Amino acid sequence: MKKIVTRDGSETYYNEELYESYHSTSGAAEEAIKKYAEPCRIANFDRVRILDVCFGLGYNSAAALDAFRGKLIEITALENDPAVLDAIYSLDPPFRSYGLIKEAAKNKLCCDGKAVLKIIMGDARESIKTLGAYDFDVVFFDPFSPKKCPELWTVGFFSDIYAAMKNGGVLATYSCAKSVRENLTKAGFEVRDGHCVGRRSPSTLAISRHKL
Ligand SMILES: C[S@@+](CC[C@H](N)C(=O)[O-])C[C@H]1O[C@@H](n2cnc3c(N)ncnc32)[C@H](O)[C@@H]1O
């Protein structure tokens, strides 16, 4: 893994096996804020449960912790690579809450009064099966690209995530690929455009509509 500086001045890593960076080169911190925390309206919740799929360097969780103003934020994060958690100690991104991310990377669990962050290590497709149904208000979905990591952008995995979400919950992802949106729709989500950040095409917001 090689450290790089993105265009908003924040650092990320480049994965030299996959030839892909952990964040958009247009701005790593900006991406976490504008494509994940802001469109999921984290600031508006009094209590929120977030599922952070592909925790990586923890920027999306850090952006959510920074944005949160309410009473309780609980984040469950899924990640399968211990090396990426080690890389967290070498970073100093512009998030007030990054100290909590560093603590969670070390202990897999951290609490600070109104925030609880738990990291479950292992293949996200298996970890998701250990989680309860109708539990999450928000999902950050941030794997490597569908080309590099096709196994995570499937109808089957989206269906398992959908089952773990509350009715009306929102999943945010950077991709707007047609195949991704088709798979989200087949899994039951209602798909919308998210913000355009650092490029012309939008990101994606997918709303869970459980038939109650
Ligand atoms: C694009 S990076 C995520 C960046 C991250 N969300 C952040 O804010 O720093 C994708 C992450 O997915 C992880 N990953 C890849 N395959 C996985 C799998 N099957 N289960 C869980 N995590 C996986 C990689 O190790 C990597 O950390």
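Visitor: How many residues surround the ligand, and which are the closest?
Guide: In this predicted model, 21 residues surround the ligand, and the closest are C54, L57, E79, A124 and D142; a residue counts as near a molecule if one of its heavy atoms lies within 4 Å of it. Local features here need pLDDT of at least 70 and side-chain atom pairs count only at pLDDT 80 or more, while totals for chains, interfaces and linings use all residues. Residues are numbered from 1 along each chain as its sequence is written, and side-chain values use heavy atoms, with hydrogens and water left out.

Visitor: How does that shell divide into nonpolar, polar and charged?
Guide: The shell has eleven nonpolar, six polar and four charged residues, where Ala, Val, Leu, Ile, Met, Phe, Trp, Tyr, Cys and Pro count as nonpolar, Asp, Glu, Lys and Arg as charged, and the others, Gly among them, as polar.

Visitor: What lies 3.2 Å from a nitrogen atom of the ligand?
Guide: That is a polar side-chain atom of D123, and a polar backbone atom of N80 is 3.3 Å from a nitrogen atom of the ligand. On the oxygen side, a backbone N or O atom of Y59 lies 3.2 Å from a ligand oxygen atom; a polar contact is a pair of N or O atoms within 3.5 Å.

Visitor: And how much of the ligand does the protein cover?
Guide: The protein covers 95% of the 600 Å² of accessible area that the ligand has on its own, with areas taken from the Shrake-Rupley method with a 1.4 Å probe.

Visitor: Switching to strands, what order does the open sheet of three strands have?
Guide: Its order is β1-β2-β3, with antiparallel pairing; strands are DSSP runs (E, at least two residues) numbered from the N terminus, and two of them pair if DSSP finds at least two bridges between them. Because β1 (2-5) and β3 (20-21) stand at the edges with a single partner strand each, one side of each is left without a neighbour in the sheet.

Visitor: How many bridges join β1 to β2?
Guide: Four bridges join β1 to β2 (residues 11-15), and V5 stands opposite E11 in β2.

Visitor: What about β7, which strands does it pair with?
Guide: Strand β7 (residues 115-121) pairs in the parallel sense with β5 (residues 72-79) over seven bridges, and it runs antiparallel to β6 (residues 109-111), joined by three bridges. In β7, L117 is the bridge partner of I75 and also of C110. The hairpin of β6 and β7 has three residues between the strands, and G113 there takes a positive phi near 90°.

How values were computed. A polar contact is a pair of N or O atoms within 3.5 Å; within protein, one must be able to donate a hydrogen and the other to accept it, and residues adjacent in sequence count only if both atoms are side-chain atoms.
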